[in-house]
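Dear colleague,

I am handing over the structure below, and after it you will find what turned up when I went through it. Please read the notes with the coordinates open beside them.

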Amino acid sequence: MTMSSRSTNWAKHVRGMRFAILLLAVILVVPALATGPRAVAQQTQTGVTTLTGTVTVTNPFILSTYTERYMALIDLTAFVKRAIDRPLPSPTQVTTGLEGDWAKGATFSLPLPILPQGQINDVAHGQGGKGAQVYSLDLQANTVGDPYLGPEEFTGWSTALTSLDATIDTGEIVGGRVVVWAPDDKEQFPTGFGTDGKLFTADDPVDPIPAGWTVVDLDGKRFTQIRDSSVQVPILEGDAGLKDLSNLSYTAAFDELIKELRLRYPFTAYKHIDWDQIVSDIRPRIAQAERQRDKAAFNLAMLDFTNMLHDGHVAVSPPNQWIAANYGGGLGMYLGITDDRRISLRCVAPGLPAAKAGIEEAAVITAWNGEDPLAVLARTPEIFPASTDFNRELDRLTWMGRMKPGDKVTVTYENPGDTETKTATLVAVRDAAGLGSAPCGEQLSDPAEMPVTVTVLPSGIGYVKVDTFEDDVILMTHAWDWAIQRLNALRVPAVIVDVRLNSGGNGDLATYFAGSFYDKPFVLNTAFLSDDTGKQIDVGDTTVDPSPEQWKGPVAVIINPGCASACEIFAAAVAHDPNHLIVGRSPSAGVEAGVEPWTLPDGLYFQAPVIAFHNPDGSIFLEGVGVVPNVKVPNTPENLLVTPRVDAALDTAVGALQKGTPESAATPAA
């Protein structure tokens, strides 16, 4: 899952966690002008000195990853100039802390400075003096370095968790509150949006604004200037919030969701989605579940709906009881597929039917109930959606080996080293453990391990494992900086970054990590979001900027089909330089978009993309394709093992770095 200052994530990838408050000070009673009476509320002699309010966050992604949060005045020069990639004009910001649980409502109180350091903008287009400083008030979070927002953390302006009410497509401000500082009593400020409906354009009607701080309420036909000493500023969650459909009926929630996805789902044309056919297939099941008050049937219908989009980012809470009833039985073997289209056993669980029958890991299945196993695989249903044909086949391989307890399967197989096949009839036993991420009981990672770890391999090459991009962002950036700094100090000849267990998270972390391998910035992709007509609007570039800790030597990234979303952003960013090695048995998951969450009736969680990323040539970035290795690791029965005797991908990466270029390092497929 991915979110930037004005578009996809919370901090820099989700247009949404920046906002502005315009405060003005000094108190003057100004006579009415010819344009009409001036709207001035509750004037005092000193102007605004303090901003207060409450912030509530419902988005689970934001709640789980941003720890060093605060309220900040955000200079709106970027909005005045309509420059979505413009950084803040000052390296310092006015900030304050939060008190309480921000999931339930955290409070803040922000004292305003006597002389702020923002940029003066002529928002009255020559009808006043030099102009005013204009701010939003945003919930922000530190992600890199010092507490202040640098260019790598914030550009543009916020459309969520801000005092601004802004559209989700173009980011135009349509309401909310801004904080304005006027340097003298000669300045003028808009009193409305003008005939074009846009703020800070030449047709805005204006009136005088007192010197000092003023909060301007942009709601209503005519703006209101607020001059109380202490002003409460509402913080709007906007598009970063959890979309709550939980109070609706099943059909009403489904209809509302489909209405929004028809407009906002960014891959309708790319994936040839027929919304009418989907509604025709799924809605009658939703209606029946509603009539029967059957939560499980509703959940299962929504699961089948997600599969119709062929998108790994589309998800609903899994119907665990249904899965346990229909796939709770296992044979104790986890299937994989080789490059030459043989189905082999990636692992065998001890004590379960396959192991008891003498079937060994890396065995090749030659018949399944007397049929070609590939034919059985082809008709095995997919339970969860995937974005690529390759990953959809992997999903079917998972469920091919699962069934109801008591079901029988006759398998013909050839164990490693044998020259003859054997046949065994296996009876599925209840195996709840096999439904998890460790189908044969193996421990693939230490749950107490840090998300970023570093070591030096026996070859002398540095090795960094990054298991996720969805964790405390400060922890992640500090751990990464430390790893690169330490490997530089140790003077290792090359670095391997292993992201095979990384299912994604924060896209800004991904580009920050990748920035350690570049000394010049470049545009990786451009984000597009639908407007209220369904037209895709450019909402800003994803730029890879050089990170503080630089690695100048050779680098290889190890990927696999489990590398998804933000993990793929990292891999693609590293692959931008063709001299960097991307090592893997297959492409990454091909799951790439900016995602938003919904809550459905009966507590179901749903998510789907609303932002698509495009390559500089206009094609879709990664979704449905993934990052393709330039150093191929063969898919053989031995290399496919969940816990291989030899880590072929790691050995291939080491050998490739020692040989040099991707062309000379490439390993032919078996």
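In helix H3, the residues Tyr250, Thr251, Ala253, Phe254, Leu257, Ile258, Leu261 and Arg264 are buried, where buried means under 20% relative accessible area, exposed over 50%, and partly exposed in between, with a 1.4 Å probe and protein chains only. Helices (H or I, at least four residues) and strands (E, at least two) are DSSP runs, numbered from the N terminus.

Before going further, please note that this is a predicted model, in which local features need pLDDT of at least 70 and side-chain atom pairs count only at pLDDT 80 or more, while totals for chains, interfaces and linings use all residues. Residues are numbered from 1 along each chain as its sequence is written, and side-chain values use heavy atoms, with hydrogens and water left out.

To return to H3, the helix covers residues 250-264, and its 15 residues should span 21 Å at 1.5 Å a residue, which agrees with the 21 Å between its end C-alpha atoms; the expected span is 1.5 Å times one less than the number of residues. The buried residues of H3 pack against helix H4 (275-292), helix H5 (295-307), strand E27 (522-530), strand E31 (594-599) and strand E32 (605-614), with contact taken as heavy atoms within 4.5 Å.

E27 pairs with strand E28 (residues 536-544) in the antiparallel sense over eight bridges, two strands being paired if DSSP finds at least two bridges between them. In this pairing, Ser530 has Gln536 in E28 as its bridge partner, and the two strands form a hairpin with five residues between them, where Gly534 in the turn has a positive phi of about 95°. E27 also pairs with E32, again in the antiparallel sense, over four bridges, and here Ala527 stands opposite Phe613.

Elsewhere, three strands form an open sheet of mixed pairing in the order E5-E2-E13. Strand E5 (106-111) and strand E13 (230-232) stand at its edges with a single partner strand each, so one side of each is left without a neighbour in the sheet. Strand E2 (residues 50-55) runs parallel to E13 and is joined to it by three bridges, with Gln232 in E13 as the bridge partner of Thr52.

As for charged pairs, the count comes to 24 salt bridges, each a side-chain nitrogen of Lys or Arg within 4 Å of a carboxyl oxygen of Asp or Glu. One of them joins Asp339 and Lys632 at 3.1 Å, N to O; Asp339 lies in the loop between strand E17 (333-337) and strand E18 (343-348) and Lys632 in strand E33 (residues 631-632), so the pair ties together parts that are 293 residues apart in sequence. Asp339 counts as partly exposed at 28% relative accessibility, as does Lys632 at 25%.

Another salt bridge links Arg396 with Glu382, the closest N and O atoms being 2.8 Å apart; Arg396 is buried at a relative accessible area of 14%, whereas Glu382 is partly exposed at 25%. In the salt bridge between Asp498 and Arg500 (2.7 Å, N to O), Asp498 is buried at 4%, and Arg500 counts as buried at 19%. Finally, salt bridges that share partners join Lys243, Glu260, Arg264 and Glu596 into one network.
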